[in-house]
Amino acid sequence: MNYQPKWWMRLVLLLGGLANLSWALLSLTIPGTVLNWSGLENTATTILLWRCIGMIIGVYGIGFLIASRHPYRHWPIVLLGFVGKLLGAIGCLIAIPAITSATQAGWLILANEALWLVPFAVILWGALRYQYTANSAYEMPEADAPIQDLRTNAGRRLDDLANQRPQLVVFLRHAGCTFCREAMAELSRRRDQIEATGCGIVLVHLGKGDGESFFQQYAMQDVPRISDPECRLYRQFGLDLGGFHQLFGLRVWLRGIVAGVFHGHGIGRAQGNTFQMPGVFTYYHGQVIEGYQHELASDQPDYLELARRATQPMAA
């Protein structure tokens, strides 16, 4: 998946920069004409104030032109622009009812400020996801072979375990995630039944080190687990970073309230790549038998049923 800025993001910032510089130029050269057109009182004081505002707008314009070269790398400039537009829109909403003479100008400024809020917000969201690709598998060559390199906490490869019997490979989100905690509680509750099918369990997590203290909370500290903070194994199994709807959509929020509050799984400090999506696969002799890729971070796979289906050919 391409995590670089979209073409329209550069265009938006380029147009925003040119629009701001044009408005600044008009405010500095013909402030009286602009004031008259906006319906504001044309006095020496308002002309001076308007020129000062024009210079500030011009500085923003230069910043937007710089940010248009790479919107994600220059996200602080986009953030300042977003905050400036948001505060400007709020200020207009407050001032318009109070100042009758400024209504025409106020609505004009409000429309201009609101116009940029949505594209700037989308750029900032993309920039945040982009930051989480840095120093991760999503910037590594496709030739990367983590399944051969990574080891469990006991020093064994995934293939070593899967050559003995099918493995239920569970890719978790970060340990602070409500749904990661819910998944661990479900796996702990179903562990005996899963292993009774003849299927083993391997946990893949984003934390550095073996994370024993976290897994001990669920009596799963003796289950093989692989630390993958760079998301290398996640990517090899086809898992990706989540989008806004997948991580923060309405259904995710509602499920999070139920799981976190009513079911007592709570929430902890974010650890690792918080954008990484989870998944679960059955794996045997170097082959993926079946996989479950979450459409939403809140999805609940049936771990026991996956294990049963993985071992049915063996039983037959």
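Strands β1 (residues 167–171) and β4 (residues 279–284) pair in the antiparallel sense over five bridges. Within this predicted model, L168 stands opposite T282 in β4. The two strands belong to an open sheet of five strands with mixed pairing. Helix α8 lies across β1 and β2 (200–205), and β1 is also where confidence is highest in the protein, at a mean of 98.

**The sheet**

- The strand order is β3-β2-β1-β4-β5.
- The edge positions are taken by β3 (225–227) and β5 (287–293); each has a single partner strand, so one side of each is left without a neighbour in the sheet.
- Direction ignored, neighbouring strands of this sheet are turned against each other by 20 degrees on average.

**Helix α8 against the sheet and α12**

- In its course across β1 and β2, helix α8 runs at about 160 degrees to β2.
- Helix α8 (residues 178–196) also approaches helix α12 (residues 250–262): their axes come within 10 Å and cross at roughly 50 degrees.
- That angle makes α8 oblique to α12, and the crossing is left-handed.
- On the α8 side the contact involves T178, F179 and E182, which meet V252, R255, G256, A259 and G260 in α12.
- By class, this contact of α8 with α12 comprises three nonpolar, three polar and two charged residues.

**Helices α1 and α3**

- The axes of helix α1 (residues 7–29) and helix α3 (residues 44–67) come within 7 Å and cross at roughly 155 degrees.
- The two helices, α1 and α3, are therefore roughly antiparallel to each other, since angles over 145 degrees count as such.
- The crossing of α1 and α3 is left-handed.
- Residues of α1 in the contact include L13, L14, L18, L21 and W23, along with the glycines G16 and G17.
- Contributions from α3 include W50, M55, I57, Y60, I62, F64 and L65, together with G54, G58 and G61.
- By class, the contact of α1 with α3 has 15 nonpolar, seven polar and one charged residues; R51 in α3 is among the residues that take part.

**Confidence**

- The protein averages a pLDDT of 88, and 91% of the residues score at least 70.
- Confidence is lowest in helix α2 (residues 31–38), where the mean is 75.

Technical notes:
Residues are numbered from 1 along each chain as its sequence is written. This is a predicted model: local features need pLDDT of at least 70, side-chain atom pairs count only at pLDDT 80 or more; totals for chains, interfaces and linings use all residues. Side-chain values use heavy atoms; hydrogens and water are left out. Axes are lines fitted to C-alpha atoms, for helices over the stretch in contact, and angles run from 0 to 180 degrees between N-to-C directions. Helices (H or I, at least four residues) and strands (E, at least two) are DSSP runs, numbered from the N terminus. Angles under 35 degrees count as roughly parallel, over 145 as roughly antiparallel, 65 to 115 as roughly perpendicular and the rest as oblique. A crossing is left-handed if the near helix is turned anticlockwise from the far one by less than a right angle, and right-handed if clockwise. Contact means heavy atoms within 4.5 Å. Ala, Val, Leu, Ile, Met, Phe, Trp, Tyr, Cys and Pro count as nonpolar, Asp, Glu, Lys and Arg as charged, and the others, Gly among them, as polar. Two strands pair if DSSP finds at least two bridges between them. pLDDT is the predictor's confidence in each residue, from 0 to 100.
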